[in-house]
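Dear colleague,

I am passing on the structure below, together with some notes on what was found in it. Please have it open while you read.

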Amino acid sequence: MELKQELRRFTGKDNWLAYASLLGNLAVYAAGVAVSVTAAGQGRWPIAALGVIVLAFAGVRLYVLQHDLGHLSLFRTRRQNEIWGYLVSPFTMAAYPQMRYNHNMHHAYVGDLDARETTEIHTMTLREWREAGFWQRLYYRLYRHPLVLIPVGALYTYFFVYRWPKNAARVGAGAMLAHNVAILAYFGLLWLWAGWAGVLTVALAVWLGGMIGVFLVYLQHNFEGTWWDRRPDLDPSRAAIQGGSCLDFGWVFDEAVANITKHDIHHLVASIPSYRLRAAHRQLEKTHQLRRISFGEALHAFTLKLWDEEAEQLVPFPKARTRAAVAAE
């Protein structure tokens, strides 16, 4: 609670900083589209590849800002946050009202083993794994494999799931349909401008951005030292701080993804704007021990597959027992 109170002073909204962050992001996004599509049309592949990478990160950052808008934490007024939330939706591929509803559900149940359907990445417990049959284990092994989870997961999520995500009808079927029409119009304009080269170039950037997004989403709550529990023992503050990650990939990466890397204190106080998260983290590290995860530790986190409720930690898949060990039993 003391930590939460200290964080409250970083929740102030500044419209100048918000517009600088959002409009600057949109400018980079537009430049990324122009450069990558034009270069692809001319067959200048190295420049096109660089443009796609810039566009992918711009899309990820825009998604993070949309996430801020969903928390009503980017601008001072609710109306400003909501207007911009809808306006950026065609470029993030995520409908604003559904994204806001589903993500706020995730915040409400973070770290709750009995409400894992609210999480973006499914995690089985060790007990569930031991009780699972062959096909369920095979599916889960494939699902958690990085070469499936990241590229296939990004393709499936951004191009298919987000066209009609969970709770779509409950939150507003009309808004969801309008969002999909806006995406069709966006790609239609790309086709009129640059043909299929334009459409496929931007689609490739969306896919790459989706892979970056899945990589980050996985690491937000799946890492060595994270924490989950069941109600009534679940401590929401501990689930936020210990169960949320702080990725230490450098300030350039932080800026490229609008500081979503500071996911621990974001979960503790979701109303802190993205443009204040790094300052909040630096200030708190003077008086509190906040864990940072290096890139090497992040890669190691992808070897952790199951939550061991007895040991209270993420663990790899159990090693298959040898025939000799079975015979000895």
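Which residue in β2 is the bridge partner of M124? In β2, that partner is L306. Please bear in mind that this is a predicted model, in which local features need pLDDT of at least 70 and side-chain atom pairs count only at pLDDT 80 or more, while totals for chains, interfaces and linings use all residues. Residues are numbered from 1 along each chain as its sequence is written, and side-chain values use heavy atoms, with hydrogens and water left out.

The sheet is open and has three strands in the order β1-β2-β3, with mixed pairing (strands pair if DSSP finds at least two bridges between them; strands are DSSP runs of E with at least two residues, and helices runs of H or I with at least four, numbered from the N terminus). β1 (124–125) and β3 (313–315) are at the edges with a single partner strand each, so one side of each has no neighbour in the sheet. β1 and β2 (residues 306–308) run parallel and are joined by two bridges.

Among the helices, α9 (residues 151–159) packs against α10 (residues 168–221) at an angle of about 115°, with the axes 8 Å apart (axes are lines fitted to C-alpha atoms over the stretch in contact, and angles run from 0 to 180 degrees between N-to-C directions). The contact (heavy atoms within 4.5 Å) involves P151, G153, A154, L155, Y158 and F159 of α9, and A203, V206, W207, G210, M211 and V214 of α10.

Finally, H67 lies in helix α3 (residues 45–70) and is buried, with a relative accessible area of 7% (buried means under 20%, exposed over 50% and partly exposed in between, with a 1.4 Å probe and protein chains only). Leaving aside residues up to four places away in sequence, H67 touches M99, H103, I260 and H266.

Best regards
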